[in-house]
Amino acid sequence: MTGVFPGRNSTAARKGEQSMKLIWHGTASIELVSSSGRLLFDPFVPLKGSSVPVRIGDFDGFTDIFVTHGHLDHIGSLPEIVRRNPEVRIYCTQTPFRTLLGKGLSADRMRLLRFGETLDVCGFRIQVLHGRHAVLPRAGFRRLARILKHPARGNLPFLLREHLQCPERGETVFYQLEAEGKTVSLMGSLNLREDVTYPSGSDLLILPYNGWEDNFPPAVRILERLKPGRVLLDHYDDTFPPLTEPPDLRPLLDRYPARTAPMVLGKEEEI
């Protein structure tokens, strides 16, 4: 059986409800909008050589930014965003909290999150669950040769330094959000823990299609476990070349054609 998940609220919007909206800003950068406010997750400005036209000014005006984990492509742009937006608050777990302190952010600009807690921000009910990071592939000889020949290979010293300075340390967050009578599961990476009970049947699952040698098998396991009503793919673009190459989305889209689609940069999606 393929292509169909029931979804707790997968029928037409219930009478009298406001809609929740979503905008993808590249990488894992997600903007969620309700009638009461808006949230931003993992804002990141692509490196030189990327085809993604996102700029630091695109993240101005937000007051509440949530982090899924501490890797460069999830927190690397936050110091500059905070400098440009003195009213913003960053919500993150302990490891990115410490990393950002080391990059000059003050503790009073951040809110430390703990797994298992629930909070209300900008009209969203947000549950902080313990996720799990994808198992990153080793760089084989052929991949290493491609990286070293890539036009953006000049990014490598920066990427190596930031990789060492921005650890994840087992703190990937799975956010479960509710607003306007709709539910959204937002994953920080393409993996789940076996010892955590995650909500199933959400209206929407935001799935980062990235991180494995082959993303298809873990994605299928996740979709069959969570059974969302709809799936939107993010984090499949080339935001930090030469290490990123857009993966082949077709196997997943072919298996679940009715409910699964890649996000489109800057396009407003209604949930």
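Two strands count as paired here if DSSP finds at least two bridges between them. Keep that in mind for the close-ups below, which come from a predicted model.

**View 1. Strands β3 and β4, side by side.** Strand β3 (residues 37-41) and strand β4 (residues 64-66) run parallel, and two bridges join them. Look for F41, which stands opposite F66 in β4.

**View 2. The open sheet, seven strands across.** Zoom out a bit and the order reads β6-β5-β4-β3-β2-β1-β14, an open sheet with mixed pairing. The edges belong to β6 (110-112) and β14 (268-270), each of which pairs on one side only. On average, neighbouring strands in this sheet are turned by 25° against each other, direction ignored.

**View 3. The largest pocket and its lining.** There's about 1100 Å³ of space in the largest pocket. It has 40 lining residues, and those closest to the centre are L136, P137, R143, F240 and L243. Which elements give two or more residues to the lining? That would be α1 (72-75), α4 (141-149) and α5 (156-165).

**View 4. S202 in its loop.** S202 sits in the loop between β10 (182-187) and β11 (204-208). Is S202 buried or exposed? Its relative accessibility is 3%, so S202 counts as buried, the cut-off being under 20%. The side chain of S202 also makes a polar contact of 2.8 Å with the side chain of S185.

How values were computed:
Residues numbered from 1 in each chain as written. Predicted model: local features only at pLDDT ≥ 70, side-chain atom pairs only at ≥ 80, totals over all residues. Heavy atoms only, no water. 1 Å grid on protein atoms, 1.4 Å probe; cavity = no way out; pocket = protein on both sides within 12 Å on 5 of 7 lines; lining within 4 Å. Points joined across faces, edges and corners; volume = space filled by probe spheres on them. Helix = DSSP H or I, 4+ residues; strand = E, 2+ residues; numbered from the N terminus. Axes fitted to C-alpha atoms, helices over the stretch in contact; angles between N-to-C directions. Buried < 20%, exposed > 50% of the residue type's maximum accessible area, 1.4 Å probe, protein only. Polar contact = N/O pair within 3.5 Å; in protein donor to acceptor, adjacent residues only side chain to side chain.
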